[in-house]
Amino acid sequence: MRVRILGTAAGGGVPQWNCACEGCAAARAHPSWRRLHASIAIEASGGRWYVVNATPDIAEQIETSADLRPGPGRRQTPVAGVVLTDAELDHTLGLPRLREAPSLHVIATAAVRDALAGGLRLDRVLAPYAGLTWSDLPEDKPVPLDGGEHVEIRAVRVSGKRPRYAAGLDVRDDAWSSALHVTDRRSGKSLVYAPAVAGWPPGLDRALAAADCVIVDGTFWDDDEPRRSGFTERTATEMGHLPISGPNGTAERLRTLPATRRLYTHLNNTNPLVDPGHDGHRTLAGMGIEVASEGLVIEL
Ligand SMILES: [Zn+2]
């Protein structure tokens, strides 16, 4: 099984269009600091890929990944569909960008589907362009990807945190935010993709402990970072992202996992790790943890 990292930034990306913080300013000056919105692609079977989360950067992410480019037929694409881990705008606004397809296969929990249909009205907006074909992503039940035998995905509940636009929406369940446990049935190896970790529920802990590779929420370096940056009064934890360092930090938990590869993704533009030379990279390397880079292909 191959998994390709398509993007590694939190909402807004690095740089963010209306932000002149140190990280964003440096990213304008140094292309190596730039990061697209967090996303991965999973190869379901030979040459057919599912993109996990449709970010505002999805067309660029497809274009810059040789495996995902169209061909050899004029309108033939290796992108078979999209899996959604939540209904946040940064993970769903890319769906309209794929409207040139005759139809789009989207795999999501009932809450996420109801939010997109009832909150964003994407079904109705996209119907005259590309109809959405939905598949259920039930909690804790393996789903064969692309209906095939090679790769299966399983949603692991992470939190019931709704997107702000769905605050009052009537939905069928509250599986709002999931991690994805992806298993290659041939090798038996697996990967967990958890771009939004608001807490550390037992189900997530079990999935991470069973995985050979984990790619986890690294939005904020420390809990006070969002407040210090001046854009909010909330801590990282209050914003639904456990920080990397500190007493409730995730680095200590990642360090003790048996996974052979542990990576952070979903970096906010305030995170000092957007600086490739920041000391934090060495601190994490000492714990056997990397910061994911775009274009990286993981084979399991
Ligand atoms: Zn910024």
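In the hairpin formed by strand 7 and strand 8, six residues separate the two strands, and aspartate 146 adopts a positive phi near 65°. Strands, like helices, are DSSP runs numbered from the N terminus (E, at least two residues, for strands; H or I, at least four residues, for helices). This is a predicted model, in which local features need pLDDT of at least 70 and side-chain atom pairs count only at pLDDT 80 or more, while totals for chains, interfaces and linings use all residues. Residues are numbered from 1 along each chain as its sequence is written, and side-chain values use heavy atoms, with hydrogens and water left out.

Strand 8 is mostly covered, with eight of its nine residues buried; buried means under 20% relative accessible area, exposed over 50%, and partly exposed in between (1.4 Å probe, protein chains only).

These strands belong to an open sheet of seven, ordered 7-8-9-10-11-12-13, with mixed pairing. Its edge strands are strand 7 (143-144) and strand 13, each of which pairs on one side only. In general, strands of a sheet pair through backbone hydrogen bonds, either parallel or antiparallel.

Strand 1 (residues 2-7) and strand 2 run antiparallel and are joined by four bridges, with glycine 7 opposite serine 39 of strand 2. Strand 2 in turn is linked by five bridges to strand 3 (residues 48-52), also in antiparallel fashion, and alanine 41 has valine 51 of strand 3 as its bridge partner. Two residues lie between strand 2 and strand 3 in their hairpin, and glycine 47 in the turn has a positive phi of about 80°. Strand 2 (residues 39-45) is mostly covered, six of its seven residues being buried.

The zinc ion has three protein donors, Cys19 (SG), Cys21 (SG) and Cys24 (SG), at 2.2 to 2.3 Å. Donors are N, O and S atoms within 2.8 Å of the metal (3.2 Å for Na, K and Ca), and water is not among the atoms, so sites may look incomplete. Along the chain, the donors follow the spacing C-x1-C-x2-C. Cysteine 21 counts as buried because its relative accessibility is 18%.

The largest nonpolar core has 33 residues, of which Val192, Leu204, Leu208, Val214, Tyr264 and Leu284 touch the most other members. Such a core is a set of buried Ala, Val, Leu, Ile, Met, Phe, Trp, Tyr and Cys residues joined through side-chain atoms within 4.5 Å. Elements that each supply at least two residues of this core include helix 1 (22-29), strand 8 (151-159), strand 10 (190-194) and strand 11 (213-217). Helix 6 gives the most, with three residues. Beyond its neighbours within four places in sequence, leucine 204 is in contact (heavy atoms within 4.5 Å) with Val156, Val158, Ala179, Ala194, Val197 and Gly199.

Isoleucine 298 sits in strand 14 (residues 297-299) and is buried, with a relative accessible area of 4%. Not counting residues up to four places away in sequence, isoleucine 298 touches Met1, Arg2, Val3, Ile5, Cys213, Ile215, Arg261 and Leu263.

Taken as a whole, the protein chain has nine helices and 14 strands, and buried residues make up 53% of its 300 residues. Finally, UniProt places the feature "domain: Metallo-beta-lactamase" (unreviewed entry) at residues 48-266; UniProt positions are given in the numbering used here, feature names are shortened, and annotations may be inferred rather than shown by experiment. This span is 20% helix and 26% strand, and its end C-alpha atoms lie 25 Å apart.

How values were computed:
Two strands pair if DSSP finds at least two bridges between them.
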